[in-house]
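Subject: Structure handover and notes

Dear colleague,

I am passing the structure below on to you, and my notes on what was found in it follow directly after. Please read them with the coordinates open beside you.

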Amino acid sequence: MDLQNIWFFLWGLLWAVYFISDGFDFGVGTLLPFLAKNDEEKRVMYNSMGPLWDGNEVWLITAGGVTFAAFPQVYAVMFSSLYSALMLILFALILRGVSFEFRHQIESPGWKKIWDSCMFIGSVLPAILFGAAFANIFRGIPIDGEGIYHGTLLTLLNPYGLLGGVLFLCFFLVHGSIWLAIKSEGDLHERAKAAASKLWIVLLAAAVVFLIASYFATNLYANYLASPALFLVIIVTVLALLGIRFYLSKGALWKAWFSSAVTIIGATFYGVIGLFPNMFPSSMDAAFSLTAYNASSSQLTLKIMLVVALIFVPIVLIYQIWAYNLFKDKVGSEGYDKVY
Amino acid sequence: MDVLFLSRLQFAAATMFHFLFVPLTLGLSILMAVMETKYASTGDETYLKMTKFWGKLFLINFALGVVTGITLEFQFGTNWSRYSEFVGDIFGSLLAIEATAAFFLESTLIGVWIFGWKKLSAKAHAFVMWLIAIASTLSAVWILIANSWMQHPVGYVMRNGRAELESLSEIIFQRWAILEFVHTASGAYVLSAFFVMGISAYHLLKKQNVEFFARSFKIAVVFGFIFSVIVAGEGHMHGADLAEKQPTKLAAMESHWETESSAPIYMFVIPDEKNEKNLVEFLPIPGMLSMLANHDMNSEVKGLKDFPADERPPVLINFISFRLMVGLGTLFILVTAVGLLLRNRLTDYPLYLKIMLFSIPLPYIANQAGWILAEVGRQPWIVYGLMKTSDAVSPVQTPQVFTSFVAFLVVYGLLGAIGFYLIVKNAKKGPDAINA
């Protein structure tokens, strides 16, 4: 394995970790108007993410930073091509972030309603747009040899792109509703569990359609057909997806949540493996595609950054797992007050 | 308006807005760590109340700082893609290191701090606060190393049409980076001290919670005085660096047009950019500019006219920013020194307290002025001497950038107004509204 390969898969891994961590936040935020029947239940939902969401979001910053450092050209062309979509994501994330801190500052239903709306938009929009963006990357983006984008925001809203958006939203809704079921009690807990089971069916349908559509809309399967052993990744992902349902029906919520996490990681790698070595394929001409080889940093930078990653990512994981473990119980349990 | 101009406006708006919140995060986190440590070691409940009261204001400010920070990282890609391709090897690495080695710790622990009062012992909770303070300062270290590289690129080699990394240690430990960090961090600490002193003064004037706010004031005034002296003294050391490494910025901020020996500093100047001269020059301090630049009263200082017109930064804005920053910096030393003398009988000096209350915005202005000088003074370069800002901009469409710029103004304007309102409201309420 050369450095470009290692970084390519680390890049995929960082996105996967971002999706499994902030993913449940997006799910809970999207479900906010649908599952909570009163202010108390809304507060449970906010506080179920409260201690962890900020740390989760840094995985996005790290994924972005690593793209910048290890594949500067991908970073440059990807984010300038997807300008409007990315701006929408960023503004959505801003609204979501401040909602946590602002909502509880003033005791007025109107005020709270504003931030509940921001929380909803700030969760549902990134979920869909990340999905649409990645699906479009799988499909190829109209960029020329100078990295100039020949399209608009609407170019991204093709059927396959939208399907990607729906799929991501379903992943996060299932992931988030299980998380909420773990964190809540009483009616809300029951509602969250029921929602997880129902949404799982939608997720299954979306996943099947996406797997089939990818065959027609993308080149993702070329790598799999070249090395059939890779189909194991898809099989494991599908098993994990079925595992969610299995554990949900047994009431083993943590196991269901971990199955959901494995499903999301598997789905991310399904795409990443299919792309390899492309990172930002051009739909105009394959020669314009940005790959792990033609868009990477210098060997020295890749080497230094690998050392940095090998030292710091495990450290980050250790203290994040510590933080997750500290707040693993239900909201409102001993020592876990509703701050927000 | 073209993409370049709009992108510059947008980046300026986004960075300046972000930097309204960063300095307070940097400084207040340290003050809170001091307060909480005092609580953890003495068990004195007033210190706990202090931690929680200042913590409430801190968290509103922190939230705005965090959410506005994310857009900055991604704007290099969206609006400055040519720059990103050119410097990713170096600049991108520094940002990535910042996220993994510092920002992660800060963001993960802030949640633990907010929610963990009953989960952790008092000492462990105070330790978490220290880690947050240290991590946010470390975060600043990496960001400022990255900015320093734009100001004075070192440790690179031009290869494959871009700047590639040659020596990371040279980049990290270059003199410019160390100076810039000390200067920026000190400026942030001064701002935080004035924030705490100003709000304490408000309550002391009203004779509310006197003990509580007198204690807060005393911690802040010591902190404020120390860093006012450091930021000024260390800022002075920048002068010599500028003369050597960014002579155009030095000439612009002094509106210094003609190359001359034993160049003076005029106390009063009106620049006339169009005619490349000063309309009015009044009250010279002979040889002072030469002294600042080269530690030699008789030395030569290059004037703007000796640089090609397309390599000069705008004069007026840098000239004004520099004077604002230095003038305010001097004032900060004076008022904190007075505060040190009066610190044990503050309530006897209502006029001083009033001055301190109305001084809260001043370090904000000084901090912003400093950054304007740093960034506008570097123009027309995005990386000094290596890449011009006009070559760095993304090949995107004008309407896209126009739309996002307007969105930035609207969203940030609203958030700023709400944040300001909430901080003022909570600051006025005082500590009694907090359940300890």
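Predicted model: local features only at pLDDT ≥ 70, side-chain atom pairs only at ≥ 80, totals over all residues.

How many residues does the contact take from chain A and how many from chain B? Chain A supplies 54 residues and chain B supplies 51. On the side of chain A that touches chain B, the elements giving two or more residues are helix 3, helix 4, helix 5 and helix 12 (299-326) of chain A, and the largest share, 13 residues, comes from helix 12 of chain A.

The predictor gives the complex an ipTM of 0.94 and a pTM of 0.95, while chain B has a mean pLDDT of 94, with 99% of its residues reaching 70 or more.

Helix 4 of chain A (residues 72-81) is largely enclosed by the rest of the structure, because 10 of its 10 residues are buried; among them are A:Pro72, A:Tyr75, A:Met78 and A:Phe79. The buried residues of this helix pack against helix 3 (53-70), helix 5 (83-103), strand 1 (278-280) and strand 2 (290-291) of chain A, and also against helix 3 (45-79) and helix 4 (81-115) of chain B.

The largest nonpolar core holds 263 residues, of which A:Cys170, A:Val174, B:Leu31, B:Trp54 and B:Ala193 touch the most other members. Helix 4 of chain B gives the most to this core, with 19 residues. Leaving aside residues up to four places away in sequence, A:Val174 touches A:Ala196, A:Leu199, A:Trp200, A:Leu203, A:Ile244 and A:Ser260.

In chain B, helix 7 is mostly covered, with 26 of its 31 residues buried. At 1.5 Å a residue, this helix (residues 175-205) should span 45 Å, and its end C-alpha atoms are 44 Å apart, which agrees. Just after helix 7 of chain B, B:Lys207 takes a positive phi of about 55 degrees.

Is strand 5 of chain B (residues 277-285) enclosed or in the open? Of its nine residues the number buried is zero, so strand 5 of chain B lies largely in the open. Strand 5 of chain B runs antiparallel to strand 4 of chain B (residues 265-272), and seven bridges join the two, with B:Val269 standing opposite B:Glu281. The hairpin of these strands has four residues between them, and in it B:Glu276 takes a positive phi near 50 degrees.

With best regards

Conventions. Residues numbered from 1 in each chain as written. Chains lettered and ligands numbered in written order. Expected span 1.5 Å × (residues − 1). Buried ≥ 20, exposed ≤ 12 C-beta atoms within 10 Å, placed from the backbone. pLDDT = per-residue confidence, 0-100. Contact = placed C-beta atoms within 7 Å. Core = buried A, V, L, I, M, F, W, Y, C linked by C-beta atoms within 7 Å. Pairing = 2+ DSSP bridges.
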